[in-house]
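Please have the structure open while I talk.

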Amino acid sequence: MKTALTIAGSDSSGGAGIQADLKTMTMHGVYAMSAITALTAQNTTGVTDIMEVTPEFLTAQLEAIFTDIYPDAIKTGMVASCQLIETIADNLKKYQAKNIVVDPVMVATSGARLISEDAIETLKKELLPLATLVTPNIPEAEVLSGMTIKNEEEMIAAAEKISGEYKCAVLCKGGHQVNDANDLLFRQGSYVWFKGKRIDNPNTHGTGCTLSSAIASNLAKGQDLDQAVKNAKDYISGALAAMLDLGKGSGPMAHNFQIL
């Protein structure tokens, strides 16, 4: 069995973060492992508290994983501080990690800010250059590129800038009034669009976490980047189309729609 590791924050309501990642990886047939960067008190209406782990404890988690069950792919999610980002980068280099998917989580679906300004700079400097793929949404791509994105041409320009600067592939996710559900994959000077149909479902808690975990799982199984992205988008569409409706805010998706 192929293996995948998520390095991210815990979501007590189970729809995003570590919990969404583990569900997604399991549904993709890979063995899922986790290193937790923070505990969050959150639900579908918002984040009420965050408690970070120490760099020493994060190091201990990563060491325990890499020295025993080596991951075939890694996904990183919410990392709120410079020290923890540096800890992740140091360990990914130490253990020569491969198939690294960075989800640059900055704002929760509920609107809560999850990362500080200095941590964004550390993310750019330390983690993005190690990435196989980075998966920003439109607001995150604007932050990473320093550009405004209002249309598809600007999506291409921003993705090209991010890819060129950090030498990684970029999946710029659509939505946010720029286009429908179309995502742009840019790497090595060329790009391809992955068309998607917008599913009229307001419950989108954890979609970014789920997509990046699905891509990492597919990479772990040996799929090339294009196929990994296409299959991950198909999975997201299925999870949304199941129309799970839980909670008082933007609810979670049905990660287990294939076995319902």
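This is a predicted model: local features need pLDDT of at least 70, side-chain atom pairs count only at pLDDT 80 or more; totals for chains, interfaces and linings use all residues.

Residues are numbered from 1 along each chain as its sequence is written, and side-chain values use heavy atoms, with hydrogens and water left out.

By a nonpolar core I mean a set of buried Ala, Val, Leu, Ile, Met, Phe, Trp, Tyr and Cys residues joined through side-chain atoms within 4.5 Å, where buried is under 20% relative accessible area, exposed is over 50% and partly exposed is in between, with a 1.4 Å probe and protein chains only. The largest such core has 46 residues, and the members that touch the most others are Leu 5, Ile 7 and Leu 92. If we leave aside neighbours within four places in sequence, the contacts of Leu 92 (heavy atoms within 4.5 Å) include Ile 7, Phe 66, Ile 74 and Leu 127. There is also a second, separate core of 27 residues, with Ala 73, Ala 169, Ile 215 and Ala 228 among them.

Turning to the aromatic rings, the whole structure has 4 pairs, a pair being Phe, Tyr or Trp rings (for Trp the six-membered ring) with centres within 6.5 Å, called stacked if the planes are under 30 degrees apart, edge-to-face if over 60 and tilted for the rest. Phe 66 and Tyr 70 are edge-to-face, at 5.5 Å centre to centre and 75° between the planes; Phe 66 is buried at 6% relative accessibility, whereas Tyr 70 is partly exposed at 32%. Phe 186 and Tyr 191 count as stacked because their planes are at 15°, with the centres 6.3 Å apart. Here Phe 186 is buried, with 3% relative accessible area, and Tyr 191 is partly exposed, with 42%. Ring pairs also link Phe 66, Tyr 70 and Tyr 95 into a cluster.

How many disulfides does the structure hold? There are 0, taking a disulfide as a pair of cysteine sulfur atoms within 2.5 Å. The sulfur of Cys 172 is too far for a bond, because the closest cysteine sulfur, in Cys 168, is 12 Å away. Cys 209 is in no disulfide either, its nearest cysteine sulfur being that of Cys 172 at 17 Å. Cys 172 is buried, with a relative accessible area of 1%, and Cys 209 is buried, with 14%.
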